Amino acid sequence: MKRILLLNGPNLNMLGVREPGIYGHDTLDAIEEGFCAYAASKGATAECFQSNHEGALIDRLHAAHGCCDGIVYNPGAHTHYSYALRDAVASIDVPVVEVHLSDISAREEFRRISVIEPACIAQISGRGRQGYLDALDILLERA
Ligand code: DQA
């Protein structure tokens with residue numbers, strides 16, 4: 001059975017409240033619940049982790065090495081500047097798919113760059129919560 005980690009970075013705990021015109025009305029709890037149910041329907045297990053702290057996310061990525069078969073990761077604003085998280089993704093032998101709820105290529109200039117993307121096997125952007133499920137499909141197809 002494939003073990004998948006769903007990782008969410010800063011401010012994503014505020015989904016449902018945070019800028020619903022951009023990110024939608026779903027809470028992170030609802031998204032995580034849907035993700036775990038979808039993983040189970042595909043014969044995989046999923047664990048979810050969210051943090052607003054760069055170091056905690058780095059530690060969680062390191063802990064996934066050897067324990068996890070794939071990671072679905074929305075790095076939030078860390079996407080655009082955290083070389084430490086990019087290096088953490090590159091440090092582990094686990095495929096990572098980067099996900100964004102919004103279309104980062106169609107928003108402010110600073111969001112167009114992802115420093116995490118080069119360390120990932122794919123990036124999905126602008127598909128809302130469906131993007132997390134599509135990322136899971138990519139990981140399971142590859143496995
Ligand atoms: C986001 C896009 C980022 O630019 C932003 O900082 C977020 C959410 C998204 O899911 O669309 O926190 O990753």
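**View 1. The ligand shell by residue class.** In this predicted model, the shell around the ligand has four nonpolar, five polar and two charged residues. Ala, Val, Leu, Ile, Met, Phe, Trp, Tyr, Cys and Pro count as nonpolar, Asp, Glu, Lys and Arg as charged, and the others, Gly among them, as polar. The shell is made up of Arg18, Tyr23, Asn74, Gly76, Ala77, His80, His100, Leu101, Ser102, Ile104 and Arg111 (a heavy atom within 4 Å of the ligand). Residues are numbered from 1 along each chain, and side-chain values use heavy atoms, without hydrogens or water. Local features need pLDDT of at least 70, side-chain atom pairs need 80 or more, and totals for chains, interfaces and linings use all residues.

View 2. The side chain of Asn74 places an N or O atom 2.8 Å from a ligand oxygen (polar contact: N or O atoms within 3.5 Å). Leu101 uses a polar backbone atom, 2.8 Å from an oxygen of the ligand. Arg111 brings a polar side-chain atom to 2.8 Å from a ligand oxygen. Protein covers 99% of the 320 Å² of accessible area that the ligand has on its own (Shrake-Rupley method, 1.4 Å probe).

View 3. Asp26 pairs with Arg129, with closest N and O atoms 3.3 Å apart (salt bridge: Lys or Arg side-chain nitrogen within 4 Å of an Asp or Glu carboxyl oxygen). Asp26 sits in the loop between helix 1 (20-23) and helix 2 (28-41). Arg129 lies in the loop between strand 5 (122-125) and helix 5 (130-142). The two residues are 103 residues apart. The structure holds eight salt bridges.

Technical notes
Polar contact = N/O pair within 3.5 Å; in protein donor to acceptor, adjacent residues only side chain to side chain. Helix = DSSP H or I, 4+ residues; strand = E, 2+ residues; numbered from the N terminus.
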